[in-house]
Amino acid sequence: MGVKVYGLPISTCTATILTCLHEKEAEFEFLPVDLFVAEHKQPPFLSKNPFGQIPVLEDDDLTLFESRAMSSYIAEKYKDNGTTDLLRQGDLKEAAIVKVWMEVEAHQYNPSIQPIIYQHFVAPIQGNTPDQSIIDSNLEKLGKVLDIYDEKLKTTKYLAGDYYTLADLHHLPYTHYFMTTPFATLINSRPNVKAWWEDISSRPAFKKVSEHMKYGEN
């Protein structure tokens, strides 16, 4: 059977998994899920993810949901593929630092940037007016996180060291959308963050995925 990914190209979490698969040069089958007709809330999909969210990954008899768990699985399964070990599995201390910055993305960066992207892009699609107070409060939070990133990136090329890892990759989809908003100056005004972003967003694996990350397209 091989690896199958169920999702939607514009979905940030789906984009994370597709980027990881391309980074590891892995073969997979992509199966679109039509959120606009609530396909993800129907019994066939709920049998794969009872929470009714995309993406889902199937690998023979294994079914996974939650994108960070899926990307770690891909990085481990295909660790010898591609140009880099995304988890630094050959060095215990390096691997630990990767995990630290993966946690930072999950618990510091993502909770700040996600509401901005939701209000700016998703709310209008749903017929709602973006709540500027939510955007403003999270821009302030995100700025504080980015100050820490800018200091960290003075000393290393990437977040976990001088090597690209999942800690960097997990930032790609949300930041990609963020950089198309009027708020992109938060990245561009911090020179080390800006250089890091330009580096990771130009990787061929993500460029393949980002071509399809346009709202209004399935």
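Predicted model: local features only at pLDDT ≥ 70, side-chain atom pairs only at ≥ 80, totals over all residues.
A residue counts as buried when its relative accessible area is under 20%.

Strand 1 covers residues 3-7, and five of its five residues are buried, so the strand is largely enclosed by the rest of the structure. Which way do the residues of strand 1 point? Val3, Val5 and Gly7 go one way, while Lys4 and Tyr6 go the other.

| Partner of strand 1 | Sense | Bridges |
|---|---|---|
| Strand 2 (residues 29-32) | parallel | four |
| Strand 3 (residues 56-59) | antiparallel | four |

To pick out individual residues, Val5 has Leu57 of strand 3 as its bridge partner, and Tyr6 sits opposite Leu31 in strand 2. Getting from strand 1 to strand 2, the chain passes through helix 1 (residues 12-23), and this β-α-β crossover is right-handed.

Now for the helices. Helix 1 packs with helix 3 (residues 67-77) at an angle of about 5°, and their axes are 9 Å apart. Angles under 35 degrees count as roughly parallel, so helix 1 is roughly parallel to helix 3. Who meets whom there? From helix 1 come Cys13, Ile17, Cys20 and Leu21, and across from them in helix 3 are Ser67, Met70, Ser71, Ile74 and Ala75. Sorted by class, this contact between helix 1 and helix 3 has seven nonpolar residues, two polar ones and no charged ones.

How values were computed. Residues numbered from 1 in each chain as written. Heavy atoms only, no water. Buried < 20%, exposed > 50% of the residue type's maximum accessible area, 1.4 Å probe, protein only. Helix = DSSP H or I, 4+ residues; strand = E, 2+ residues; numbered from the N terminus. Pairing = 2+ DSSP bridges. Right-handed = clockwise from strand over helix to strand, strands pointing away. Axes fitted to C-alpha atoms, helices over the stretch in contact; angles between N-to-C directions. Parallel < 35°, antiparallel > 145°, perpendicular 65-115°, else oblique. Contact = heavy atoms within 4.5 Å. Nonpolar A, V, L, I, M, F, W, Y, C, P; charged D, E, K, R; others polar.
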